[in-house]
Amino acid sequence: MAKSWTDDAPQPVALQDHAHVKDPFSYKVKRFFLGGALNRHSLGHQRLSKRYALGILSSDCISSSAYGSEQILIALLPAFGLAAFAILMPMTAVVLAILVIITLSYRNVIDVYTKTGGAYIVSRDNFGPVVAQIAAVALMLDYIVTLAIQSAAGVAAIISTFPSLEPYKMPMIFAVIILLTYGNLRGVKEAGKAFALPTYFFVGCMFIVFGMGLYRLANGTLPVLDTDLPGAIPLGQEQGLLTFAAIFILLRAFANGGSSLTGLEAISDGVALFKTPEHVNAKRTLVVMSCLLGILVLGVSYFAHHIHAMPYESGVPTVISQIAKAAVGTGTFGTVMFIMVQLATMLILFAGANTTYSAFPLLVNFVAADGYLPRQLTKRGHRLAFSNGILLLAGGGLLLVIITAGSVEHLVAFYALGVFTGFTLAGFGMTRYYLRTKPSQWRVKVFINALAGSISLLIVIIFSVVKFTQGAWLVLVTAPILVATLLRLRRQYTREQEALSVKSFEERATSMARHDVTIFVDSVDIATVGAVRYARSLKPHKVKAVHFVIDDRRAEAIQKAWAESEALEDVQLDLIDCPDRRIANSALDYAIRKTEKPDIELTILLPRRSYSRFLGRLLHDQTAEEIAAPISQLQRVVATIVPFDVNRITSRGDLHIRHEQETLRSVSSQEKIKPTQVAPQVFAPVTHYAEDVTPIGKIEWRKRSKVHGRVTSIATAPRGSAPMLQVEVWDETGGITLNFLGRREIAGLEVGMEMRAEGMVGEEEGQLTILNPSYELLV
């Protein structure tokens, strides 16, 4: 065989593009709506300054001030009448005190967990995986409710501005969730700086409203609204505060007000997003966020108390919109300012809903990586987002909206239970950590975290009792079932891992004295011939074919066709009786008999003809899978299904290969013509520097070249052989192999990243290669 240009060997060429399967319709739809697939190395890690981090991570928390005070009034007004506005301020003071305690608790969390420190991580590290699943379920439910309630509240802000849109409330909420889902499936990241704008816009607008409200209050022009308008929450009669019923109502109002504290965990979850020093910047941002939240909640409650802002049974107009309209007036500026406030409220509520699309998939990724949720939730999708987690979140949010008819009041019943369960576990988890490690000032830290955990636990109990009939029962019933399900999934994964782990005696048993191959046949056709051809390639001690006889006439026809086939003349055909007509049982018995001796390994090949998905299942059975399943449980027996695509032949579908400067052609009709090498007439001097990057498809043999492309393959020589590393690099024009002798790895090199290499172009087995090139990894 010709081996070099001196004896007319084929010209070495760059690697050409691979065969491409025709894209299915589902993939075309995905690519149309989501865009082209992203390479994982384009997944950047963006560090945020404090001002951007505050805007991005606090939108969920700060936006809850838009409805927290309103929910307190909804509980108080039917029971206490106008006295509810007097009770509102002390109730708000209690909520703010709890805000301070939980903020101090999470500052301690950030001090210890400087990368990510949500309730799940804290619980897992300090209480173990079982308790951590309680935190996981609580947080998952919390994020799903957050999506539903923020979307519903944002739509309520729109309807408060344009009341004529109220009949379209449900479709609007659905549209918001679907649009947010679509955007995040396309890869819209929470860390995008544009998401910081709604937070500052909302805070700025509310400060203007508060400023104008204080000015009008000082000069006596701040109006007091009517409280008997149609559609408003009905007013009850004033009563004493010490009766059992009154105390119950106060606790319910307090539980409603707890919804103002949701989202406090967001910064501890995203510590790694901050610029260095991460934990210091995160703690400062947490304090600023809590101060802003406290000011907003206090301001909304204060002005609701002064103007007697009434909640409405339909949810619109909202209390915050009434405060804005009363504070800014009805003039031209007031009208514009009112619309700006409503726009800001809508944007921050939708931005708060959007944060769940980052937090929820990340949480279920952690839980799934620990083995408590399906592994599919750890995989990034077409655009590098955790698509399965996003779809699970969206489905849960839509279901909740349907169940509650998009009512913010009803959604609150599901809300704070999950939030404060997380606060409880984080507080007690940090308490246990400090008691175990006893760092400096540990007594103060134990007191803060134990207090935060105890108060949060008390709120969980209160919420479970007073909100039980309003929807909390559903969470209390669902949560234990979900926790048990997560633990059950983990046990299943553990059993599977133990079954697949390589035992020490199996690790040493790498070869058998004898390897036989048997083909189970049901007809003599091209699929059977292909299986026999594959059997021969395994180089077994003996190849045999077996047909289990159910129909004597069919067995006779197979035996006759086998004898007449020249392609099968060297393979023995055995006919084995199947008296109970259960082929799987007969196959299992055959495999056991053939591997009775401990030094024999048996491979069973099962030709499977693949037909169209619908008609194939209708017209043909799935016998190969039924046989392979029990056989695969035997030791020293391997059941291999050998597929043969009948559908491709019947539909005349061709696999195509694309080559440079060639049109797509059928594999079956393609003729590969290799140009022969031509001896150089003049030998050019060998240079040691390549000025520019050359497209890989245009590089030349025996010339120095610099190439730039994406790493598609990394191959390392076996441990027992001489060290060598082979790297395939491709660009739009072709591919080339880089051979590194004497090494088994390159630090930082990963499949999918970009690489630049330079060296003399040689050949190996007719393909161009560069031996020991200089290189640069491009991140």
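Tyr775 is partly exposed, at 32% relative accessibility. On the scale used here, buried means under 20% relative accessible area, exposed means over 50%, and partly exposed is in between, with a 1.4 Å probe and protein chains only. This is a predicted model, where local features need pLDDT of at least 70 and side-chain atom pairs count only at pLDDT 80 or more, while totals for chains, interfaces and linings use all residues. Residues are numbered from 1 along each chain as its sequence is written, and side-chain values use heavy atoms, with hydrogens and water left out.

Now the aromatic pairs. A pair of aromatic rings is described by the distance of the centres and the angle of the planes. Rings of Phe, Tyr and Trp (its six-membered ring) pair if their centres lie within 6.5 Å; planes under 30 degrees apart are called stacked, over 60 edge-to-face, and the rest tilted. That rule gives eight aromatic pairs.

Take Tyr106 and Phe423. Their ring centres are 5.8 Å apart and their planes stand at 70°, so this pair is edge-to-face. Tyr106 belongs to helix α5 and Phe423 to helix α16 (residues 408-437), so the pair ties together parts that are 317 residues apart in sequence. Helices here are DSSP runs of H or I with at least four residues, strands are runs of E with at least two, and both are numbered from the N terminus. Are these two residues buried or exposed? Tyr106 is buried, with a relative accessible area of 2%, and Phe423 is buried too, at 4%.

Phe740 and Tyr775 also make an edge-to-face pair, 5.6 Å centre to centre with 85° between the planes. Phe740 is in strand β11 (residues 734-741) and Tyr775 in strand β14 (residues 774-778), so the pair ties together parts that are 35 residues apart in sequence. Phe740 is buried, at 2% relative accessibility. Back to Tyr106: together with Phe420 and Phe423, Tyr106 forms one aromatic cluster.

Helix α5 brings us to helix packing. Two packed helices are described by the angle between their axes and the distance between the axes. How does α5 pack with α12, and at what angle? Helix α5 (residues 83-112) and helix α12 (residues 278-307) pack at about 175°, with their axes 10 Å apart. The axes are lines fitted to C-alpha atoms, for helices over the stretch in contact, and angles run from 0 to 180 degrees between N-to-C directions. The two helices are therefore roughly antiparallel, the word for angles over 145 degrees, with under 35 being roughly parallel, 65 to 115 roughly perpendicular and the rest oblique. The residues of this contact divide into 16 nonpolar, seven polar and three charged. Nonpolar covers Ala, Val, Leu, Ile, Met, Phe, Trp, Tyr, Cys and Pro; charged covers Asp, Glu, Lys and Arg; the others, Gly among them, are polar.

Next, charges over rings. The charged end of Lys325 sits over the ring of Phe338, 4.7 Å from its centre. For Arg490 and the ring of Tyr372, the distance to the centre is 5.8 Å. The rule asks for NZ of Lys or CZ of Arg within 6 Å of the ring centre and within 35 degrees of the ring normal.

Last, backbone angles. Most residues other than glycine have a negative phi. Arg636 is not a glycine, yet has a positive phi of about 60°. Arg636 lies in the loop between α24 (623-631) and β6 (637-645). Asn772 also has a positive phi, about 45°, and sits in the loop between β13 (767-771) and β14.
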